[in-house]
Amino acid sequence: MLKIENLHATVGGKEILKGLNLTINDGEIHAIMGPNGAGKSTLSYVICGREGYEVTAGSVFFNGRDLLDMSPDERAGEGIFLGFQYPVEIPGVSNMNFLRTALNSQRHYRGQNDMTAVDFLKLVRAKAKELDMDPEMLKRPVNVGFSGGEKKRNEMVQMAVLDPCLAVLDETDSGLDIDALKIVAKGINRLRNADKSILMITHYQRLLDYVVPDFVHVLADGKIVKTGDRTLALQLEEKGYAGLDIAGNAA
Amino acid sequence: MKLYLDNPQIETDFEAVKASLPGLADLRRQAMARFTQSGIPGPKVEEWKYTNLGFLARENYLPAGKSGRQAEIRQFFDQAHIKDIPGPVVVFINGYFNADLSSLPEEDGVDFSVLSHNPGNFHQSLQASEGSSSLNDLNRALVTDGYRLDIAPDVDVEHAVQIIHIATSGTEMASLRTRGQVKLGRGAKAAIIETFIGAEEARYWFHMISDMVLESGACASFGQFQLQGRNAIHMTELHTEVSDHATFNHVNLQLGAEISRTELINSFTGEYASINLSGAYLGRARQSHDIFTRINHDRPNCKSRQLFRGVLDKGGKSAFQGKVVVARDARKTNADQSDKTLLLDRGAVANAKPELLIYADDVKCSHGATVGEVDPDQLFYLRSRGLDEDAAKGLLVEAFVSEVFDDLENERVAEKFRQYAAGWLRKEGAL
C-alpha cells in the first residue's frame, strides 16, 4: 500500500528525515515511536503533502502511484487520512458542512457523484453514534470550543465518515484521558480490516494496549533504527530510548 | 480646503434642479449657501483621510436623466428584488421615483410618501441633519427625489419593505441624489431592505442621505446592499436616533463601486435602547470601501454592538473608522466593536481606526481590529480532508464573512446576502 524509500526531507532548510525506509502492506497496523525531534510529525506531514516540508531525495509510492507529485487534497482523494496532533479550529464552518464538503470533494476526485443529503445525514449520524459523539456537536463550528478529547473524537468521526485506505495518526493519543483514549482506539479498531492500513505515531505505548500493532518502529534522527513487534514498545516503555542505545535528537 | 468652490459646475447643477421640488426652494438655497462656504472635505480633514475626494474638483457631474432602457432597468430590478418577500417594493431610477415598477405599502398604519410628489411634506424632515456636513448640505441642495416612511405606533409591519435604487448606463458623469426618511412610532416594528444597483461601466455619483427615528420601544431592521457598477462613486449617510427601549439593527454589504463611503451616525435619545451595526465589505483591484461609524452614547443603560468584516483582493483598499463616544452621565453603557479584514493578497490595503471616547464611569466598552491572511493551518486542515485549494479558501473566506449574516433575523435576507457575497468571491476566484 505505502512504500517509502530513502526519504530525505527538510523543513526551513534543516534536514529532518535522513533516508527513511518504510513499507506498509494492506491490512497492517504500524506504530512509529521515537524521541522528541526524531522526525515523527515531519513524516506524517510529508506523507500528506503539507507545504513547507520539502522532499530532497527518495520516493513515496501509494498503491503504485507517486504521492510526492500530488497536492494534499489529491492525496486525500487517493484515500489517505491524516489524524492531527492538534486538530484545527475553523470558526464559521459547521462540522456537518465541513464533512459533507470533504466527502463530496473526495467523491468527485474518484469520479463519483455527490452523496445525497439523506444518505449523508444517515452516515454521519451513524458514525457519530458509534463513537459516542453528541449529535449537537455536528452542528457546531469545526472544533471551536471543543475540549482536547472532543477534538480527537471529532478526528475519529471524520475518519469514520471519510473511510480512508490509509490512516496516518499523528499522536492522536496525546493529552487524552483514559476514556477519550478508548474512543480513539475504538475509532481505529473499527477502521481496521484486510484492505485498510494504519500508521500510528505515538509517544507512549499506552495506545498500543488498545490497538495492537503488527509492527513497531523506532524513529530516531530521521531514520528508522529499530523494527519489531509489539514487545518492542513494551521494552521501550520499560527501559526508555537511552536504554536501547537510541539517542535523542531534541537539540 | 474648499475643493468644490473652484468648480463652477456646481452652480449649473443647482440651476438645473432648483425649479423642481416646489416649496423647498429656500431650504435648498440655504443648504447650497452653507455648502459653498465649506466645500467638499479635503484630504486634511481627519474623517476623510482614507478617501481623497480631490477628483471631484476635476470631474463635472450633472443631474441624471430620469429614464433609461426598459430592458436594462428590468434586468437590474429582477436582480435586486427579493421575490420571496411578498411586501411592498419602491423603485428609484437614476434618482427619481418610478411608479411603474413600484408597489407601494398599503398596510394600515404605514404611511409612505414620495418627495417629488409632495415636496412640502418633507420640509420639516429635511431639516433633520441640516448643517451636519457639507456633503449632507450638497445633497439637500441638489436632491431630486426621495421617500418617507412613517410607521404608526404599535404597528408591526408584516413584510419587509424593499427599496431599490437603479442607475442605468445613461448615467455617465451624472449625479444621483436622493433622500430617505424613516420614522417608527412608539412600539412599532418594521424591516427595510435597500438595494443599490447600477450599470457596470458608467461613471456616476450616487449620493443618498437618510434619517431614521425610532421612538420608544420601536424595533427596526435595516439592511443595505451596495451592488453599484465598478466605476461608480457611492456615498450614503444614515443618521439614526434611537429612543428608550428601542432596538436598531443595521446590516450593510459593500460589494460594488470604485469608491464607496458609508456613514452610519447613531445617537441614543433614551435609556435601555440598543444599536447593532454589522456589515461586510468586499474589495478588489481599483476599489475602495470606507466605512465610517459613530455611536453617541448620550444616555445611560444603552447597548451598542458593531461587527464588520472585510475581504480584500489584490489592489483593493478599505478603511474602517468606528467611533464610540460615551457621554459623562451615560453610566452602564455597554459598547462592543469588532472589525476584521482578511487580505487575499499582499497587494491589498486595509486601514482600521477604532476610537473610543469614554467620559463616564461604570461602563463596559471593547474594541478589536485585526488585519490578516487566510490561516495556513486551517487551509492545510481542509485540504488534508480533500478540499482543493480554491474550495478550501472559499470556505474559509465565506466562514469569515458569515458572522455578519448570523445576525440577520430574516432568513430570506440572509440568503440573499450570502448569495451576493458568494457571487463576489466566485468572481474573484476565491470560491
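Arg383(B) is buried, at 11% relative accessibility. This residue forms a salt bridge with Asp73(A), at 2.8 Å from N to O. The model is predicted. Chain A and chain B share an interface that buries about 1,900 Å². Over all chains, the whole structure holds 36 salt bridges.

**Arg383(B) and its partners**

- Arg383(B) also meets Glu389(B) in a salt bridge, with 4.0 Å between N and O.
- Arg383(B) counts as buried because its 11% falls under the 20% cut-off.
- Elsewhere, salt bridges with shared partners link Arg34(B), Glu130(B), Asp137(B) and Arg140(B) into one network.

**The interface of chain A and chain B**

- On the chain A side, 30 residues are in contact with 17 residues of chain B.
- Carbon and sulfur atoms give 65% of the buried area of about 1,900 Å².
- Polar contacts between chain A and chain B number 10 residue pairs, counting residues at pLDDT 80 or more.
- Six named elements of chain A each supply at least two residues to the side that touches chain B: helix H1 (40–48), helix H2 (72–78), strand S6 (80–83), strand S7 (90–94), helix H3 (95–109) and helix H6 (148–162).
- H3(A) gives the most to this side, with 6 residues.
- By class, the side of chain A that touches chain B has 17 nonpolar, 9 polar and 4 charged residues.

**Salt bridges within chain B**

- Side chains of opposite charge can pair when their charged atoms come close.
- Arg286(B) and Glu258(B) form a salt bridge, and their closest N and O atoms are 2.8 Å apart.
- Arg286(B) sits in the loop between strand S14 (274–283) and strand S15 (288–297) of chain B, and Glu258(B) in the loop between strand S12 (247–254) and strand S13 (259–268), so the pair ties together parts 28 residues apart in sequence.
- Arg286(B) is partly exposed at 46% relative accessibility, whereas Glu258(B) is buried at 18%.
- Another salt bridge joins Arg261(B) to Glu263(B), with the closest N and O atoms 3.0 Å apart.
- Arg261(B) is buried at 2% relative accessibility, and Glu263(B) is buried with a relative accessible area of 10%.

**The build of chain A**

- Chain A contains 8 helices and 12 strands.
- The radius of gyration of chain A is 18 Å, close to the 18 Å that the globule rule gives for 251 residues, so chain A is as compact as a globular protein of that length.
- Along the principal axes, the C-alpha atoms of chain A fill a box of roughly 55 × 40 × 35 Å.
- Buried residues make up 52% of the 251 residues of chain A.
- Of the contacts in chain A between residues at least 6 apart in sequence, 70% join residues at least 24 apart.

How values were computed: Residues numbered from 1 in each chain as written. Chains lettered and ligands numbered in written order. Heavy atoms only, no water. Contact = heavy atoms within 4.5 Å. Buried area = accessible area lost by both parts, 1.4 Å probe. Salt bridge = Lys/Arg side-chain N within 4 Å of Asp/Glu carboxyl O. Polar contact = N/O pair within 3.5 Å; in protein donor to acceptor, adjacent residues only side chain to side chain. Helix = DSSP H or I, 4+ residues; strand = E, 2+ residues; numbered from the N terminus. Nonpolar A, V, L, I, M, F, W, Y, C, P; charged D, E, K, R; others polar. Buried < 20%, exposed > 50% of the residue type's maximum accessible area, 1.4 Å probe, protein only. Rg over C-alpha atoms; globule rule 2.2 N^0.38 Å.
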